[in-house]
Amino acid sequence: NLWITAADWLVWHDAWNNEPLTNIDPEVLEANVSTSFRTMHKCSKVFKDKPGCQNVADEIKHQVEEFKPYVPLIQALRNPGMRNRHWEKLSEKLGFQVRPKPTFTFQKCLEMQMDEHIDVISTVAEVAGKEFSIEQAMDNMENQWKAIVLETPAYKDTGTFIMRASEECSQLLDDHIVMTQSMTFSPYKKPFEQRITAWESKLRVTQDVMEEWATCQRSWLYLEPIFSSDDIMQQLPVEGKRYQTMDRMWRKIMSRAKDEPRVIVLCPDTSLLESLKECNRLLDQVQKGLSDYLETKRAAFPRFYFLSDDELLEILSQTKDPTAVQPHLRKCFENIAKLTFMEDLQITEMFS
């Protein structure tokens, strides 16, 4: 290991000093310096009976010890978060221009006596590192959303679709809103303030859209089979028109989702949010009108109170078919199990 490490050290040392500073990987540099020092320290003891080998080990060890104090300086200058604004700040504090050009080597840094300003350089690099963490977190969040899409399977024979959002989508939305909120309190947010604000707004609108969409879909799924009945449409003309208006809006929204299923592209849209809110407003009016209508039917025939809304609607949506009452007779009348209907729909028998 003595000769391999010594040869490696000479090559590394020359490269670190004379090649462009941008070529240096600070993590690899620190690891190589530590490994070289340990190896030479060990070799110095192992070869105490071989002066020639020991001298080589001591010489390389001495070079490593001389280079060690420069490691924090190189790590600071090669901080991955260093941007133009940081180099400008550093130049201002040092009183001379510092730029990571191809000709900018570590040897050049030593000639400029930058090692005497390690505290200033480390402070600027630390800020750059903190800002870089925010930048990376923002990039990671945006990249994670690229793969999140809505499923839009066709729904029965309606000619339209329904929306299915994965559990991952909901969890990611909650996590990223919390993460973005925490960034707004960071003292290092300034370079990304507009980006953070815009991203938080995007997530908030997406969250509102998903909530309104889920509410709208639940109501639509309930009302769609009801207002597919001509009987109900005739008995509730006002609610029928409101439902049809909402249904047209729903189909447009679902067609749009089918064409662009990416959540972070589709959902952060205030116009989509307003459309869904309008759909929910119409659906609330339709459901209220429907409830009032069912109440009038129960008031006219109190035994309908024994039936649920869905059961009563099943009867009312088939007013031209009196036999539709058959499945619900046991609930309406305690001692009637079924009726016998003639071809002209006259009732001739009751069965208890």
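Which helix holds Q207? I looked this up to begin with, and I found Q207 in helix α9, which spans residues 193–223; helices here are DSSP runs of H or I with at least four residues, numbered from the N terminus.

**Ground rules.** I noted that residues are numbered from 1 along each chain as its sequence is written. I also noted that this is a predicted model, in which local features need pLDDT of at least 70 and side-chain atom pairs count only at pLDDT 80 or more, while totals for chains, interfaces and linings use all residues, and that side-chain values use heavy atoms, with hydrogens and water left out.

**Q207, continued.** Leaving aside neighbours within four places in sequence, I found Q207 in contact (heavy atoms within 4.5 Å) with L173, D174 and I177.

**R330.** I looked next at R330, which sits in helix α15, residues 329–332, and which is exposed, with a relative accessible area of 64%. Apart from neighbours within four places in sequence, R330 is in contact with I336 and A337, whereas its C-alpha atom is separated by 20 Å from that of A299, 31 residues away along the chain.

**Salt bridges.** How many salt bridges does the structure hold? I read a total of 14, where a salt bridge is a side-chain nitrogen of Lys or Arg within 4 Å of a carboxyl oxygen of Asp or Glu. I reminded myself that side chains of opposite charge can pair when their charged atoms come close.

One of these pairs is E88 with R99, at 3.9 Å from N to O. E88 belongs to helix α5 (residues 84–94) and R99 to the loop between α5 and α6 (106–111), so this pair ties together parts that are eleven residues apart in sequence. I wrote down that E88 is partly exposed at 47% relative accessible area, and that R99 is partly exposed at 27%.

A further salt bridge joins the side chains of K189 and E193, at 3.6 Å from N to O. Here K189 is partly exposed, with a relative accessible area of 23%, and E193 also counts as partly exposed, at 36%.

I then turned to D269 and R256, which form a salt bridge whose closest N and O atoms are 2.2 Å apart. This pair links distant parts of the chain, with D269 in the loop between α12 (263–266) and α13 (270–300) and R256 in helix α11 (residues 237–259), 13 residues apart. D269 counts as buried at 18% relative accessibility, while R256 counts as partly exposed at 34%. I also found D139, E142 and R195 linked in a network of salt bridges.

**Positive phi values.** Which loop holds Q113? I placed Q113 in the loop between α6 and α7 (118–145), and I noted that its phi is positive, about 60°, although Q113 is not a glycine. Q113 is partly exposed, with a relative accessible area of 45%.

K156, another residue other than glycine, has a positive phi near 50°. I found K156 in the loop between α7 and α8 (167–184), where K156 is exposed, with a relative accessible area of 66%.

Methods: Helix = DSSP H or I, 4+ residues; strand = E, 2+ residues; numbered from the N terminus. Buried < 20%, exposed > 50% of the residue type's maximum accessible area, 1.4 Å probe, protein only.
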